[in-house]
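Keep the viewer open as you read.

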Amino acid sequence: MSSVLRVQAQFGQRALLLATAAVPLTGWTVHVLALHRRLTAAKKDPLTGLLRRDAYTARARQVLARHGDDTAVILVDADHFKDINDSLGHAAGDAVLAAYGTRLTAWAGRNASIGRLGGDEFAIVLPMHRDRLEVRLATLMRMLHTSVVLDDGRHVDVAASVGAATPAVIGTRDLPLLQRAADAALYDGKHSGCAYHATREQTSEPCINGRRAGRPGTHVWGQAA
């Protein structure tokens, strides 16, 4: 065999080996990507695209650890949501929840932890300097009180109650205590159309699973964050 043919044969063998080796590598890459997509999907609520409770809690604690006192914990509770389901149907209710998910994401930004805690209740932990909180909350309230347009063109009037807690005021960076205070503030301002700010005293409000005792659904919630 000539030297040229030997070189060609060696080159062909190397190409075959590389191609053979690439097959399992490509298969493994596809598997890893598919697994990553499934894990990401498992962390998120399929309706709103927001984080589920566990993923939200883990991310929220990271935000608190990174930004410290320049952090805000916001709880959001849709007002009269049952009336929407009863009068317009669950498809309309789902559209409202999906719209809220989009609005909360747009308001909070990519550095926040935004979760759907259950039903029509949401939580946000985001970097926020205290001097900006009042203006930002006013913007959030306007967004949450803007009607939702359904696919058939109908407009659904919506509203929400909001409670906010900050480590500087509450005196702790503990997530459950901040959520407890924010939830108590939300409860105090229910249906008022204004965001309520939590005080340190509201961390001692009786609660079940991190929410004010007596609120509907507290007896069936999962473990507190």
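Accessible areas here come from the Shrake-Rupley method with a 1.4 Å probe, and for residues only the protein chains shown count as cover. By that method the chain exposes about 12500 Å², and carbon and sulfur atoms supply 57% of it. Before going further, please keep in mind that this is a predicted model, in which local features need pLDDT of at least 70, side-chain atom pairs count only at pLDDT 80 or more, and totals for chains, interfaces and linings use all residues. Residues are numbered from 1 along each chain as its sequence is written, and side-chain values use heavy atoms, with hydrogens and water left out.

Now for the overall layout. The chain holds seven helices and nine strands; these are DSSP runs numbered from the N terminus, with helices (H or I) of at least four residues and strands (E) of at least two. Of its 225 residues, 40% count as buried, meaning under 20% relative accessible area with a 1.4 Å probe, protein chains only. A contact means heavy atoms within 4.5 Å. Among contacts with a separation of 6 or more, 66% join residues 24 or more positions apart.

Let's step inside. A nonpolar core is a set of buried Ala, Val, Leu, Ile, Met, Phe, Trp, Tyr and Cys residues joined through side-chain atoms within 4.5 Å. The largest one has 34 residues, and those touching the most other members are Ile74, Leu104, Trp107, Ile124, Leu126, Leu137 and Val162. Elements giving two or more residues to this core include strand E1 (71-78), helix H4 (90-108), strand E3 (121-127) and helix H5 (130-144). H4 gives the most, with eight residues. A second, separate core has 20 residues, including Tyr56, Leu64, Ala123 and Ala198.

How do the helices meet? The axes of H4 and H5 come within 10 Å and cross at roughly 160 degrees. Axes are lines fitted to C-alpha atoms, for helices over the stretch in contact, and angles run from 0 to 180 degrees between N-to-C directions. H4 is therefore roughly antiparallel to H5, a label for angles over 145 degrees. On the H4 side, the contact includes Leu104 and Trp107, while H5 brings Leu137 and Leu140, among others.

Helix H2 (residues 53-67) and helix H7 (residues 175-188) pack at about 100 degrees, with axes 11 Å apart. That makes H2 roughly perpendicular to H7, the term for 65 to 115 degrees. Tyr56 and Leu64 are among the H2 residues in this contact, and Leu175 and Leu178 are among those of H7.

Terms used: Buried < 20%, exposed > 50% of the residue type's maximum accessible area, 1.4 Å probe, protein only. Parallel < 35°, antiparallel > 145°, perpendicular 65-115°, else oblique.
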